[in-house]
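Subject: A structure for you to look at

Hi there,

Here is the structure I promised to pass on to you. Have a look at it first, and then read on for what turned up.

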Amino acid sequence: MFFSNISIAEKYNYLEEKFCAAYKWLAETDIAALPVGSYPIMGDTVIANVQEYTTFPPEEGSFETHEKYFDIQYVVSGREQFGVCKRDGLVVKERRPESDLIFYEEPEYSGSVFLDEGDLIIVAPEDAHKPRCQAGAPCAVKKVVVKVAI
């Protein structure tokens, strides 16, 4: 899946070497057997972060963006509702520059994508996203968030 606005559709190359290295690692690695932690794919420009958590109600989460990295969010097991909207016009709630995180107040309009086992979504710095939201009942999820440097 690719989600973008036409104004930035040609800004990034989602098939450049860094992205292809991430896709290859996701396809060829036995992620289910990996413990939670960080795994370098291409030095500090492509890093896989294996996570495990239980999803929660959407109203308990916040939209977030990153300024230095893309996210490739890949669901290994479980499922979640993944909120999406444009970053433009959002009201900043909190900044954590050391973690490359900006959190936002809930926007008036947003959408979501259902992510099931094997699904991934690529989130650019211009895209706000709200991960870890439950789809139905709370669910245990194992996910890899691959950080791809801009």
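**What was found**

The protein chain carries 15 positive and 25 negative side chains, and the centres of these two sets are 2 Å apart. Please keep in mind that this is a predicted model.

Let's start with the overall build. Reading from the N terminus, the order is α-β-β-β-β-β-β-β-β-β-β-β. Along the principal axes, the C-alpha atoms fill a box of roughly 40 × 40 × 30 Å. The radius of gyration of the protein chain is 15 Å, which agrees with the value near 15 Å that a compact globule of 150 residues would have. Among contacts with a separation of 6 or more, 80% are between residues 24 or more positions apart.

Of the 150 residues in the protein chain, 46% are buried. The accessible surface is about 7,900 Å², and carbon and sulfur atoms account for 52% of that.

Which residues have the most contacts inside the largest nonpolar core? They are Leu26, Ile31, Phe70, Ile72, Val144 and Val146, in a core of 20 residues. Helix 1 (17–28), strand 2 (46–54), strand 4 (69–77) and strand 11 (140–149) each give at least two residues to this core. A second, separate core has seven residues, including Phe82, Val84, Ile121 and Val123. As background, nonpolar side chains tend to be buried together in soluble globular proteins.

Beyond its neighbours within four places in sequence, Val146 is in contact with several residues, among them Ala22, Leu26, Phe70 and Ile72.

Is Glu28, by contrast, buried or exposed? Glu28 counts as exposed, because its relative accessibility is 58% and the cut-off for exposed is over 50%. This residue is found in helix 1. Glu28 and Ile122 are 94 residues apart in sequence, and their C-alpha atoms are 18 Å apart in space.

Finally, two backbone angles to look up. Most residues other than glycine have a negative phi. Asp100, however, has a positive phi near 55°. Asp100 sits in the loop between strand 6 (92–96) and strand 7 (101–104), and is buried, with a relative accessible area of 9%. Arg132 also has a positive phi, of about 70°, although it is not a glycine. Arg132 lies in strand 10 (residues 127–133) and counts as partly exposed at 29% relative accessibility.

Enjoy exploring!

Best wishes

Notes: Residues are numbered from 1 along each chain as its sequence is written. Side-chain values use heavy atoms; hydrogens and water are left out. Helices (H or I, at least four residues) and strands (E, at least two) are DSSP runs, numbered from the N terminus. The radius of gyration is taken over C-alpha atoms; the globule rule is 2.2 Å times the number of residues to the power 0.38. Buried means under 20% relative accessible area, exposed over 50%, partly exposed in between (1.4 Å probe, protein chains only). Contact means heavy atoms within 4.5 Å. Accessible areas come from the Shrake-Rupley method with a 1.4 Å probe; for residues, only the protein chains shown count as cover. Lys and Arg count as positive and Asp and Glu as negative; His and the chain ends are not counted. The place of a charge is taken as NZ of Lys, CZ of Arg, CG of Asp or CD of Glu. A nonpolar core is a set of buried Ala, Val, Leu, Ile, Met, Phe, Trp, Tyr and Cys residues joined through side-chain atoms within 4.5 Å.
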